[in-house]
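Have the sequence and the 3D view open side by side.

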Amino acid sequence: MSEFFQYLITGLTIGSMYGLIGLGIVLVHNASQVVNFAQGDLQMLGGMSAVALLSAGLPLPFALMAGVLAGGLAGLLMFKFTIEPAGEAGPLALVIITLGVGLVLRGAAELTWGQSFYSLPTFSGNEVIRLGGVTIVPQSLWVIGMTAVVLILLAYFFNRSLTGKAILATSLDRDAAVLMGINTGRMQLVTFGLAGLLGAVAGVLIAPIAFTHSAAGLILGLKGFVAAVLGGLGSFRGALVGGLVLGVAESMMAGYGSSDYKDAIAYLLIVLILIFMPRGIFGGMSGERV
Amino acid sequence: MSKSEVKQKSPLIEISGGANKDKRATVGQILRWPVTNVAILAVLVVCLPLALNSGFHYHLAVLVGINATIAISLNLLMGYAGQVSLGHAGFVALGAYGTAILSTRYGWPVPLALLSSAVGAGLVAFVVGRPILRLKGYYLALGTLGLGMIIYLVLSNEVWLTGGPDGMAAPVLELFGNRMTDPKDWYWLVAVMLVLVFWMSTNLVNAPLGRALRALEGPEAVAGSVGINVPWNKLLVFTLSAVIAALMGGFLALYAGFISPSLADFMHSIELVLMVLIGGLGSVVGAILGAAVITLLPQVLTVVEEYETLVFGLILIGVMLFMPQGLQPSLKKFWQRIKQ
């Protein structure tokens with residue numbers, strides 16, 4: 001039984017990260033109808049920047065914060081220079097553009113940091129916590145805890161602040177939002193910045209546990225996308241739960257099944273969910289997903 | 001009449017411009033015969049060796065030819081039926097691995113292994129196509145992506161069969177008693193395949209099935225209401241494009257003599273999609289053009305090797321921002337402006 005809880009905690013840790021990436025994807029998708037395939041690369045950028053700044057001599061907390069800000073900045077720039085000029089391009093063109101941005105980020109990271117693997121020190125030491133037969137690394141608690149904090153902040157932002165509400169309005173009906181005097185372009189810009197921040201938060205949180213390297217973004221972005229679609233591609237809560245489900249499923253697969261096929265879970269899950277529950281695990285059964 | 005004039009009249013271009021009721025219809029009607037386009041391509045392919053002066057050039061030409069043929073098959077799906085696939089490389093890899101495994105591990109004759117793998121990939125596409133093609137837009141993209149990634153993972157993990165991440169060797173193809181090892185021989189083989197597939201797809205595009213397919217680009221309810229069996233047509237073109245991709249994958253394996261799971265990976269699928277998009281969605285000529293650009297670009301970029309990923313990404317963004325219709329329509333417009 002302790003084995004099960006061990007896998008569970010590992011799964012929840014990784015799942016939180018998938019959830020955060022998925023959250024960024026949903027945020028952008030709701031406001032701009034763009035699926036951002038560069039989301040994983042924004043995460044990579046956050047982690048790598050933090051590593052670089054730390055080795056440049058910045059104290060850990062500042063390096064972490066700067067890494068997160070770097071992700072946010074990259075998100076803003078991405079919108080300003082690629083998504084906004086694309087205007088009303090079709091979904092396919094937008095997918096290609098975001099993939100292009102991902103490649104640019106990856107290429108820039110390769111140039112700056114090479115292709116080696118990097119990691120951050122853990123935030124609060126390496127002493128494991130033992131609970132029964134389960135060992136928990138403190139960083140896991142950081143990841144899960146910070147994810148919860150981010151969620152609470154986001155909920156506060158969307159429910160209480162004017163900007164948050166304007167973003168929600170933009171997501172629900174862009175034309176109506178424009179008529180209400182909302183600068184929807186600005187709101188889309190903000191969501192890209194937020195998505196960059198979220199991605200980078202996931203990046204710096206996970207960097208002490210999982211190594212980060214310049215090419216890590218693509219697969220992480222795909223997993224985040226899977227998390228988002230599991231949750232129905234539209235709901236924040238759905239994306240987070242989707243991420244947790246994916247993380248736990250992967251961890252169980254690696255533990256009880258074959259670790260070679262750990263990654264296959266994500267894709268198998270996605271094909272099955274899309275076919276049998278096209279509205280995500282929280283939606284009802286229905287025919288086509290439009 | 002100049003060649004560009006002929007190209008302009010080609011049926012491939014007329015498709016998108018529905019309002020293109022040409023006054024010179026008499027000339028246009030003759031040139032609308034796909035045969036003319038096929039002949040032009042055949043002449044180009046025969047003349048190209050004049051410009052190829054080393055084995056390496058032939059090698060590049062073979063790669064472009066193989067990719068162009070795969071791109072044409074994907075273009076049938078994306079350009080005419082309007083269905084995106086981010087897992088097309090999976091079918092290329094199925095063909096490649098099927099050919100290599102059946103011939104080296106089970107001793108099948110190479111041509112039989114090649115054809116069986118193509119048919120096998122077609123069966124896979126036919127079986128999984130039905131549920132996956134119910135999806136639309138991003139969901140279809142993700143569903144096909146999942147399919148491709150599963151194929152990739154199986155190829156990299158079933159080491160006993162596929163050699164795993166290290167890849168496996170493929171046999172040499174013998175054709176008419178000739179061991180095909182020289183890129184020059186391969187050039188002609190691939191050229192024949194390219195022209196055949198080009199001819200087939202231009203015919204298909206103009207056949208009733210092709211017109212039914214183009215109807216799928218618009219609202220499906222409209223296509224359905226005029227009596228087009230939408231799911232069946234989608235499935236048919238999905239299967240067909242998988243068969244062609246697998247066949248060319250098999251040829252690729254036999255040509256390269258060595259294959260690895262990276263054939264099925266996501267980046268390869270993306271490259272194939274880019275060939276179609278860069279050339280111009282729904283243009284068979286564009287697919288060839290796009291395949292040439294995407295295949296040759298890394299060769300050019302090796303000069304700035306460490307910048308390769310960066311530059312590749314910038315080019316993608318640039319093409320989508322400044323030539324969203326792709327190269328072929330943009331070049332066509334450019335040419336018309338010069339002529340005026």
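Predicted model: local features only at pLDDT ≥ 70, side-chain atom pairs only at ≥ 80, totals over all residues.

A:Ser55 counts as exposed, because it has 11 C-beta neighbours inside 10 Å. For the cut-offs, C-beta atoms are placed from the backbone, and a residue is buried if 20 or more other C-beta atoms lie within 10 Å of its own, exposed if 12 or fewer, and partly exposed in between. A:Ser55 sits in helix 2 (residues 39-55) of chain A. Helices (H or I, at least four residues) and strands (E, at least two) are DSSP runs, numbered from the N terminus.

Residues are numbered from 1 along each chain as its sequence is written, while chains are lettered from A and ligands numbered from 1 in the order in which they are written.

Now zoom out to chain A, which has 11 helices and two strands. From the N terminus on, the order is α-α-α-α-β-β-α-α-α-α-α-α-α. Chain A is as compact as a globular protein of its length, because its radius of gyration is 19 Å, close to the 19 Å that the globule rule gives for 290 residues. Here the radius is taken over C-alpha atoms, and the rule is 2.2 Å times the number of residues to the power 0.38. The C-alpha trace of chain A spans about 60 × 50 × 35 Å along its principal axes, and 52% of the 290 residues count as buried.

Two loops are worth a stop. In the one between helix 1 and helix 2 of chain A you'll find A:Gln33, a residue other than glycine with a positive phi, near 55 degrees. A:Gln33 counts as partly exposed, because it has 14 C-beta neighbours inside 10 Å. A:Leu233, in the loop between helix 9 (217-230) and helix 10 (236-256) of chain A, is not a glycine but has a positive phi of about 45 degrees. With 25 C-beta neighbours inside 10 Å, A:Leu233 counts as buried.

On to helix packing. Helix 1 (residues 2-32) and helix 8 (residues 184-206) of chain A pack at an angle of about 175 degrees, their axes 9 Å apart. That makes helix 1 of chain A roughly antiparallel to helix 8 of chain A (the cut-off for roughly antiparallel is an angle over 145 degrees). Axes are lines fitted to C-alpha atoms, for helices over the stretch in contact, and angles run from 0 to 180 degrees between N-to-C directions. The contact includes A:Leu20 and A:Gly24 of helix 1 of chain A and A:Leu198 of helix 8 of chain A; two residues are in contact if their C-beta atoms, placed from the backbone, lie within 7 Å.

Finally, how many residues of chain B are in contact with chain A? There are 33, and they meet 38 residues of chain A. On the chain B side, helix 8 (137-157), helix 14 (266-279) and helix 16 (308-322) each supply at least two residues, and helix 8 of chain B gives the most, with 12 residues.

Conventions
Parallel < 35°, antiparallel > 145°, perpendicular 65-115°, else oblique.
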